[in-house]
Amino acid sequence: MFIRTGTAIVELDRIRRSCRNKRFLSNYFSADEIRFFVSHKLSAALIAENYCVKIAVAKAIGTGMRVIRAQDITVLRDRLGSPFIITEGYAKMLEQREGYIFSVSVDSCRNYATASVIIHK
């Protein structure tokens, strides 16, 4: 059963500028995500896609980023490149308590990255 949806879009230039700040990656992304980014030469498109997923998840859950920490949502890729979400902390508690199942879609082009998240039960 469909419950909620969230979407986000960000300019790649904004992410490139943010990556110049040494704290940006560690403040927003888990160690597993950072290892994934490093293995892909810190691709701004991948970083932006993951950033969008975090925002979209928070919107779909309905709490926004004021309750859920960005680091509590880890976005990785399966062997085919499809994104999937691993939650921790309050996000995990909500996921388990409410029985949420996340469906994720990401995309990027020359200037933008976007993500959509659908929550099912």
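In this predicted model, helix α4 lies across β1, β4 and β5 and runs at about 145° to β1. Helix α1 (residues 12-19) lies across β1 and β5, at about 75° to β1.

- Three strands form an open sheet in the order β1-β5-β4, and their pairing is antiparallel.
- Because β1 (2-11) and β4 (101-108) stand at the edges with a single partner strand each, one side of each is left without a neighbour in the sheet.
- From one strand to the next, the twist averages 10°.
- Nine bridges join β1 to strand β5 (residues 112-120) in the antiparallel sense, and within this pairing threonine 5 has isoleucine 118 of β5 as its bridge partner.

**The nonpolar core**

- In soluble globular proteins, nonpolar side chains tend to be buried together.
- The largest nonpolar core here has 33 residues, and those with the most contacts inside it are Val53, Val57, Ile61, Phe102 and Val117.
- Helix α4 gives the most to this core, with 11 residues.
- Isoleucine 61, one of the core residues with the most contacts, touches Arg4, Ile68, Leu94, Tyr100, Phe102 and Ile119 when its neighbours within four places in sequence are left aside.

- Glu33, Phe36 and Phe37 are buried in helix α3 (residues 31-39).
- Seen down the axis of α3, these buried residues fall within an arc of 100°, and therefore they line one face of the helix.
- Arg35, Val38 and Ser39, on the other side of α3, are exposed.
- The elements that cover the buried residues of α3 include α2, α4 and β2.
- Lysine 41 follows α3 and has a positive phi, near 55°.

**Aromatic pairs**

- A pair of aromatic rings is described by the distance of the centres and the angle of the planes.
- The count comes to seven aromatic pairs in this model.
- Because phenylalanine 24 lies in helix α2 (residues 22-28) and tyrosine 51 in helix α4 (residues 44-61), the pair ties together parts that are 27 residues apart in sequence.
- Phenylalanine 24 counts as buried at 8% relative accessibility, and tyrosine 51 is likewise buried, with a relative accessible area of 11%.
- Tyrosine 100 and phenylalanine 102 form an edge-to-face pair, with 6.3 Å from centre to centre and 65° between the planes.
- Tyrosine 100 counts as buried at 11% relative accessibility, and phenylalanine 102 counts as buried at 15%.
- Phe24, Tyr28, Phe29, Phe36, Phe37 and Tyr51 form one aromatic cluster, which includes Phe36 and Phe37, two of the buried residues of α3.

**Threonine 63 in a loop**

- Threonine 63 lies in the loop between α4 and β2 (73-77).
- With a relative accessible area of 14%, which is under 20%, threonine 63 is buried.

Definitions and conventions:
Residues numbered from 1 in each chain as written. Predicted model: local features only at pLDDT ≥ 70, side-chain atom pairs only at ≥ 80, totals over all residues. Heavy atoms only, no water. Phe/Tyr/Trp six-rings, centres within 6.5 Å; stacked < 30°, edge-to-face > 60°. Helix = DSSP H or I, 4+ residues; strand = E, 2+ residues; numbered from the N terminus. Buried < 20%, exposed > 50% of the residue type's maximum accessible area, 1.4 Å probe, protein only. Pairing = 2+ DSSP bridges. Axes fitted to C-alpha atoms, helices over the stretch in contact; angles between N-to-C directions. Contact = heavy atoms within 4.5 Å. Core = buried A, V, L, I, M, F, W, Y, C linked by side-chain atoms within 4.5 Å. Arc of directions from axis to C-beta.
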